[in-house]
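Open the model in your viewer and keep the selection panel at hand. The stops below go from a sheet to a helix and then to the pair of chains.

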2 protein chains.
Amino acid sequence: MSGHVIALCGGVGGAKLAFGLTRILPPDDLTLVVNTGDDFVHMGLHVSPDIDTVAYTLSDLADRERGWGLAGETWTFMDQVKRLGGEGWFNLGDRDLAMHVERTRRLAERETLSEITAALTSALGIRHAVVPMSDDPVRTIVQTADGELAFQRYFVGKQCRPVATGVRFDGATAARPSPALQGALARRDVAAVIVCPSNPYLSIDPILAVPGVRAGLKALNAPVVAVSPIVGGRALKGPAAKLMLELGAEPSVTAIVCHYRGLLSGLVVDGEDADEAEALRTLGLPTLATGAVMRSDDDRIRLARETLAFAFELEPRTQRRAS
Amino acid sequence: MSGHVIALCGGVGGAKLAFGLTRILPPDDLTLVVNTGDDFVHMGLHVSPDIDTVAYTLSDLADRERGWGLAGETWTFMDQVKRLGGEGWFNLGDRDLAMHVERTRRLAERETLSEITAALTSALGIRHAVVPMSDDPVRTIVQTADGELAFQRYFVGKQCRPVATGVRFDGATAARPSPALQGALARRDVAAVIVCPSNPYLSIDPILAVPGVRAGLKALNAPVVAVSPIVGGRALKGPAAKLMLELGAEPSVTAIVCHYRGLLSGLVVDGEDADEAEALRTLGLPTLATGAVMRSDDDRIRLARETLAFAFELEPRTQRRAS
């Protein structure tokens with residue numbers, strides 16, 4: 001099988017599968033499209049949490065124990081910020097800060113987020129294309145009973161405690177896909193689109209909300225395969241299951257299918273959800289049940305390999321419908 | 001003796017005497033005017049080296065062994081900046097970074113450097129007024145045979161190696177004294193002006209270059225006393241002696257008097273220069289020879305006390321002339 005692969009991803013879970021994909025596919029054969037709806041300006045610095053999580057994971061600099069940030073991180077800066085009476089609710093590690101300071105400096109010098117991301121990931125030794133979904137600002141807002149919360153205020157500041165009533169993406173209607181995403185969508189050799197096991201509401205929906213992306217993916221004539229971030233009714237990490245419940249869906253792999261309705265050609269689930277996968281197959285959606293919990297590099301690479309093999313054997317949804 | 005004291009200072013040497021002054025004078029009785037000609041924007045961050053040196057020294061957070069920066073500093077940020085291919089020539093410690101990030105954020109929110117300095121020094125527990133010479137940008141430029149160098153490029157980047165042919169202060173003609181400096185110059189109760197043992201060319205001249213400051217100090221009708229940064233023909237720290245030679249003066253306490261001509265009512269020198277001090281007295285300038293090398297807190301406090309006592313007994317230069 002040859003051809004290009006587009007993968008959509010957000011934070012930690014998605015980055016793990018992205019790691020696996022980069023260990024299988026040559027650099028020219030993969031475009032990793034990363035959510036920037038979580039981006040925000042903190043203490044004057046432009047923070048792109050999902051881009052950084054992907055960059056740190058791919059360069060193997062990520063802290064595997066803590067689950068976020070960099071290994072060997074120190075916290076001297078934050079200690080002093082608190083002493084100075086600055087904002088202490090969002091932790092910026094000393095090593096992590098280099099990314100934000102460099103990004104902010106370059107943005108001020110009119111480089112685009114795409115250019116900056118390419119330069120910084122390259123400096124970290126990453127040879128695959130890590131591209132922001134857009135160079136225009138899109139900001140995820142979580143709507144709650146107590147009012148709207150900017151994403152990081154919800155996610156970090158309030159640790160996802162408020163009950164969500166909806167999610168919206170500020171700026172999305174005016175945003176354009178990044179040049180590299182536009183380029184990927186214009187390719188005639190896309191062999192598969194992989195939706196990584198990221199939070200559907202908070203990591204993948206912002207990407208799909210950028211005008212032209214959802215339609216562009218469907219028009220590729222390539223299979224679109226999601227790896228479920230829900231295993232056995234629970235989210236492997238983060239608030240996906242809680243959000244699903246609050247927004248009216250029972251957390252399950254079927255709910256993932258419903259969420260991505262009209263887009264998926266197939267779904268990869270964990271063996272724990274094999275029965276549900278079987279039922280989905282009966283209903284007409286190809287599924288693969290395998291080990292979908294990535295604890296080791298081997299897990300990441302194996303799941304990526306199985307997901308690609310599964311996708312490459314599928315027909316695109318559009319073809320399936322037409323047949 | 002009662003009355004207000006204005007002290008002019010720059011980096012490390014000046015900050016040591018400032019420390020001594022704050023241990024003697026109540027907060028209301030002292031205005032510390034700090035050079036901002038060294039300020040520069042590095043990696044998008046506004047760095048005010050002399051303000052920070054004074055702040056760290058007064059709050060006793062300064063590293064006494066290294067002679068600059070903070071005690072217990074870590075360097076994780078710089079390590080990662082270098083990995084990212086960023087600018088590595090100017091070291092920013094992790095703890096130190098908090099000051100620059102907070103300052104930059106507040107400047108972007110239209111706070112003045114004076115307001116920010118007051119807030120940050122207060123957060124560090126400093127009760128005396130530490131005030132920038134100006135809220136307007138003044139940038140020290142060292143002229144060399146190889147062209148002009150921004151101060152930090154000369155001082156840190158090239159470690160003062162180029163031969164200087166002159167020094168100029170970009171922006172000085174358009175700058176106004178900071179509100180607190182204007183306020184101090186308008187007081188009727190100023191009992192003394194102390195010129196700390198800072199580099200005359202690089203730390204004190206920028207302050208005196210702000211329109212109205214030199215004339216304002218002379219108009220105060222208060223004695224102006226400098227503590228010599230030259231001891232035995234050598235600079236205690238930094239390039240003062242080298243600069244003097246390059247700019248045509250033999251490094252000596254007499255050269256300090258010549259440099260500040262028209263301003264001084266008296267000079268404090270080290271015992272090593274007692275003979276030269278005696279000669280200057282004969283020529284009509286009051287001098288005090290004492291231990292002017294500050295190795296300990298006791299040295300700082302003793303020198304501050306002796307300098308104040310010496311100054312308080314002098315007549316202002318203007319009065320002396322008139323008499």
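**Stop 1: a sheet in chain B**

Select β7, β6 and β8 of chain B: in that order they form an open, antiparallel sheet of three strands. Strands (E, at least two residues) and helices (H or I, at least four) are DSSP runs numbered from the N terminus, and two strands pair if DSSP finds at least two bridges between them. This is a predicted model, where local features need pLDDT of at least 70, side-chain atom pairs count only at pLDDT 80 or more, and totals for chains, interfaces and linings use all residues. Residues are numbered from 1 along each chain as its sequence is written, with chains lettered from A and ligands numbered from 1 in the order in which they are written.

β7 (147–150) and β8 (164–170) of chain B are the edge strands; each has a single partner, so one side of each lacks a neighbour in the sheet. Now select β6 (139–144) of chain B, which six bridges join to the antiparallel β8(B).

**Stop 2: a helix in chain A**

Go to α1 of chain A, residues 12–22: 11 of its 11 residues are buried (20 or more other C-beta atoms, placed from the backbone, within 10 Å of the residue's own). Among them are A:Lys16 and A:Phe19.

**Stop 3: both chains**

Show chains A and B together: a rotation of 180 degrees with 0.0 Å of shift along its axis superposes A on B, RMSD 0.0 Å, by least squares on C-alpha atoms of residues with pLDDT of at least 70 in both. The two copies are thus related as by a two-fold rotation axis. Finish at A:Asp94, whose C-alpha, at 2.9 Å, comes closest to that axis of the residues of chain A.

Notes
A residue is buried if 20 or more other C-beta atoms lie within 10 Å of its own, exposed if 12 or fewer, and partly exposed in between; C-beta atoms are placed from the backbone.
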